[in-house]
Amino acid sequence: MIGQTLGHYEIVEKLGEGGMGVVYKARDAHLDRFVAVKVLPADKVADPERRRRFEQEAKSASALNHPNIITIYDIDTAAGRDFIAMEYVPGRTLAELIERGRLPTAEVMKYAVQISDAISAAHVAGIVHRDLKPANVLVTEKGLVKLLDFGLAKLTEPVPGSDPALTVTAQPRTEPGLIVGTVAYMSPEQAEGKKVDARSDIFSFGVVLYEMVTGRRPFIGETGPSTLAAILAKEPEPPSSLVSEVSLELERLVLRCLRKDPQRRWQTMADLAVALEDLKEEVDSGKVSA
């Protein structure tokens with residue numbers, strides 16, 4: 001693909017690859033700017049479900065206007081290839097940052113506040129991300145977070161008479177019992193193939209937060225099925241048993257995200273975002289220590 005043109009986008013270099021497509025850096029010949037172009041692999045175009053999810057990613061993300069969510073510019077087909085053109089943001093994924101080990105508390109709080117704010121905005125718009133993981137969080141050199149990949153997101157609708165941030169799936173198109181997402185970051189209900197709501201993202205966020213704090217995932221197995229079993233049956237080790245510097249307030253916040261029963265987690269990402277912002281202020285001021 002390098003050197004080729006898709007519509008008015010000239011492919012410059014490959015940036016990455018995932019289950020939903022290959023991402024390239026490209027130059028927009030019309031506006032003379034760099035963009036990121038996600039291309040659906042040619043051998044997947046014939047798969048209606050993958051194509052639907054690919055289109056859903058663009059529609060879901062383009063419906064959101066938030067500084068911590070990647071901006072979608074265009075969705076098109078050229079030379080028989082479906083692609084999405086989006087904002088190009090230089091930086092590293094949170095997964096790359098965590099590879100070096102656990103993050104300092106101040107960094108954890110800075111990223112956590114931004115991620116929670118982005119997910120909260122998506123939930124208010126009726127969108128559950130369903131694939132929140134460090135590889136889908138981009139961090140710039142200045143510490144700005146950009147949330148990526150709404151390829152597994154589902155449009156949702158509020159439960160009648162309930163808080164609009166708590167949602168159920170509207171007209172689900174996946175088959176009952178079908179597991180989607182990345183195993184290590186799935187909520188128990190997602191791992192069982194059940195319908196998910198906004199609280200599933202809260203669990204996944206808790207896994208990401210735990211990994212930032214401790215440098216390891218809360219649920220670990222040698223295989224996919226054993227990891228799923230751990231998510232469904234095992235309780236995570238308290239972060240303070242792995243890292244002595246973790247404050248009690250942060251530990252309680254993380255573990256509440258990771259409760260098996262959705263009713264016992266934080267009920268909205270908006271409330272969790274406020275709690276994180278308050279804790280960040282205390283950490284920054286030195287009021288909270290290990």
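At what angle do α5 and α7 pack, and how far apart are their axes? Hi everyone, let me start there.

This is a predicted model, where local features need pLDDT of at least 70, side-chain atom pairs count only at pLDDT 80 or more, and totals for chains, interfaces and linings use all residues. Residues are numbered from 1 along each chain as its sequence is written, and side-chain values use heavy atoms, with hydrogens and water left out.

Now the answer: α5 and α7 pack at about 140°, with axes 7 Å apart. Helices here are DSSP runs of H or I with at least four residues, strands are E runs of at least two, and both are numbered from the N terminus. Axes are lines fitted to C-alpha atoms, for helices over the stretch in contact, and angles run from 0 to 180 degrees between N-to-C directions. On our scale, under 35 degrees is roughly parallel, over 145 roughly antiparallel, 65 to 115 roughly perpendicular, and the rest oblique. So α5 and α7 are oblique to each other. Their crossing is left-handed, meaning that the near helix is turned anticlockwise from the far one by less than a right angle; clockwise would be right-handed.

Which residues make that contact? From α5 we have Ile202, Phe203, Phe205, Gly206, Leu209, Tyr210 and Val213, and from α7 Leu250, Leu253, Val254 and Cys257. Contact means heavy atoms within 4.5 Å. By class, that is 10 nonpolar, one polar and no charged residues, where Ala, Val, Leu, Ile, Met, Phe, Trp, Tyr, Cys and Pro count as nonpolar, Asp, Glu, Lys and Arg as charged, and the others, Gly among them, as polar.

Next, the partners of these two helices. The axes of α3 (residues 105-124) and α5 (residues 198-214) come within 11 Å and cross at roughly 170°, which makes α3 roughly antiparallel to α5. In α3, the contact residues include Val108, Tyr111 and Ile115, and in α5 they include Phe205, Leu209 and Val213. This contact has 10 nonpolar, two polar and one charged residues.

Glu249, Leu250, Leu253 and Cys257 in α7 meet Leu272, Ala275, Leu276 and Leu279 in α8. Those residues divide into seven nonpolar, no polar and one charged.

Grid points join across faces, edges and corners, and a volume is the space filled by probe spheres set on the points.

Val108, Val213 and Leu250 are among its lining residues. The largest pocket has about 900 Å³; of its 35 lining residues, the closest to its centre are Gly16, Glu17, Val23, Ala135 and Leu148. That lining divides into 14 nonpolar, nine polar and 12 charged.

Methods
1 Å grid on protein atoms, 1.4 Å probe; cavity = no way out; pocket = protein on both sides within 12 Å on 5 of 7 lines; lining within 4 Å.
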